[in-house]
Amino acid sequence: MQHHSNSFIAAGGLALSAIAALVLAACGEPAAKEAPQQNAGPPITAAAVLEKPVVETQEFSGRLEAVEQVQIRPRVSGFIAAVNVKPGAEVKKGDVLFVIDPRPYQAEASRTEAAALAARAKADLARLELTRAEKLVADKAISQREADEKASAYKELDATARAAQAAYEAARLNLGFTKVHSPIDGRVSKAEVTLGNLVDASVVLTSVVSSNPVYASFDGDEDAFLRVGTQARKGQPVTVRVGLANEEGFPHEGKLEFVDNRVDPATGSVRMRAVFKNADNALAPGLFARVQLIPAGAGANATLVAERAVGTDQNRKFVYVVTPDGKAEYRPVRLGPVIDGMRVVREGVKPGEKVIVNGLQRVRPGAPVTAETVPMDAALTVGGKDPKPKGDAPKTASKTPDAQTKDKS
């Protein structure tokens with residue numbers, strides 16, 4: 001009996017051991033499968049931050065302006081006797097554009113010339129009489145009073161002669177003004193008056209604008225002012241390129257010629273102007289232009305990330321950096337311009353660090369991520385290969401780190 005009892009107890013112990021092993025195995029298998037799910041983060045795409053020499057440019061909108069522009073008005077009134085304006089034609093300085101009837105002014109010039117000659121003749125006679133009087137008073141043949149009267153008469157007649165001569169010169173000027181000349185080289189507009197019209201100084205006859213060189217005026221921002229303002233004031237060359245609405249890129253190159261002396265506090269902008277050669281007349285005043293500003297010393301190394309790696313967090317920009325232990329680190333950044341689809345980062349990340357370029361909406365600060373690494377250049381087109389997560393993930397791109405931590409808790 002004792003033997004059978006011991007055998008029964010041993011068999012029962014083995015059975016209990018087997019059951020316990022099965023229970024532990026059954027419990028341990030899901031735990032082993034769930035552990036990776038708890039540690040694995042959402043799938044994302046990351047790329048290493050680049051560093052390479054770039055030419056940092058800034059682009060603005062502007063307008064082309066003529067260096068010189070003149071409204072042609074007559075200096076004398078009269079009837080238009082000739083119109084020599086061909087609309088849109090190139091004119092040279094001194095070309096006669098209009099002729100006002102010169103006959104009244106020719107007659108006035110002749111009259112004043114005769115008056116000036118008569119006045120000069122009287123003045124010359126008075127001078128001779130004064131010379132004789134000075135000799136006679138020396139011999140005491142006449143009194144000093146008579147000599148003084150001769151001197152006074154000469155001075156009066158000489159002044160009259162000078163006034164008559166001035167009137168004659170004014171008449172000659174008016175006669176010359178009957179021919180309306182172009183004061184500059186440039187392109188003339190259409191004639192605003194026709195033959196036979198009576199005009200005066202209030203009437204605009206036409207206009208002339210210079211065509212070579214031309215200005216491109218634009219409003220730069222504070223960053224542009226800080227980058228090139230000092231260079232321009234010191235006379236250092238700052239390259240500016242422009243492109244028109246029908247042109248690709250910026251084919252016309254010029255130099256920054258003017259930076260205003262203050263930044264407008266209302267808009268945060270500063271007026272700038274560049275000058276361009278225009279021998280082929282491709283640039284016309286008044287055209288809209290895309291302006292590209294290239295500061296001196298461009299071509300230094302810069303830190304670059306794909307534009308899609310940058311998120312917006314209220315009033316600041318950020319990126320997510322993948323740490324060595326596979327977690328997402330929230331990193332505020334200060335950005336520069338966009339160059340060939342890549343964003344310049346001035347502060348916040350270092351070359352070689354991995355930033356998340358796809359899947360930012362599924363990432364929480366400090367949470368683990370499952371990263372697939374691609375080259376930064378390939379991240380420009382990675383949008384079509386966005387890995388889809390299993391289930392919904394919270395969107396945190398527009399939240400601050402504090403808000404995200406609060407949500408997580």
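**Figure 1. Glu-192 and its salt-bridge partner.** Glu-192 is partly exposed, its relative accessible area being 44%. The model shown here is predicted. Glu-192 pairs with Lys-190 in a salt bridge, with N and O 3.1 Å apart. Lys-190 is also at an intermediate level: its relative accessibility of 46% makes it partly exposed.

Figure 2. The side chains of Arg-271 and Asp-219 form a salt bridge, 3.1 Å from N to O. Arg-271 belongs to strand β15 (residues 269-276) and Asp-219 to strand β12 (residues 214-221), so this pair ties together parts 52 residues apart in sequence. Arg-271 is partly exposed, at 35% relative accessibility. Asp-219 is partly exposed too, at 39%. Shared partners extend the picture: salt bridges join Glu-65, Asp-219 and Arg-271 into one network.

Figure 3. Arg-145 and Glu-149 are linked by a salt bridge, and their closest N and O atoms lie 3.6 Å apart. Both residues sit in helix α3 (residues 144-177). They are four residues apart, about one turn of the helix. Arg-145 is exposed because its relative accessible area, 64%, is over 50%. Glu-149, at 45% relative accessibility, counts as partly exposed. For the model as a whole, the salt-bridge count comes to 17.

**Figure 4. The largest nonpolar core.** This core has 22 residues. Val-240, Leu-256, Met-272, Phe-276 and Leu-293 have the most contacts inside it. Seven elements are drawn: β3 (58-66), β12, α4 (222-233), β13 (239-243), β14 (252-259), β15 and β16 (288-294) each supply at least two residues of the core. Strand β15 gives the largest share, four residues. In soluble globular proteins, nonpolar side chains tend to be buried together.

**Figure 5. The surroundings of Val-240.** Residues up to four places away in sequence are not counted here. Val-240 touches His-252, Glu-253, Gly-254, Lys-255 and Leu-256, among others. Its contacts also include Ala-274 and Phe-276. Val-291, Gln-292 and Leu-293 complete the list of residues that Val-240 touches. Of these neighbours, Leu-256, Phe-276 and Leu-293 are, like Val-240, among the residues with the most contacts inside the largest core.

Technical notes. Residues are numbered from 1 along each chain as its sequence is written. This is a predicted model: local features need pLDDT of at least 70, side-chain atom pairs count only at pLDDT 80 or more; totals for chains, interfaces and linings use all residues. Side-chain values use heavy atoms; hydrogens and water are left out. A salt bridge is a side-chain nitrogen of Lys or Arg within 4 Å of a carboxyl oxygen of Asp or Glu. Buried means under 20% relative accessible area, exposed over 50%, partly exposed in between (1.4 Å probe, protein chains only). A nonpolar core is a set of buried Ala, Val, Leu, Ile, Met, Phe, Trp, Tyr and Cys residues joined through side-chain atoms within 4.5 Å. Contact means heavy atoms within 4.5 Å.
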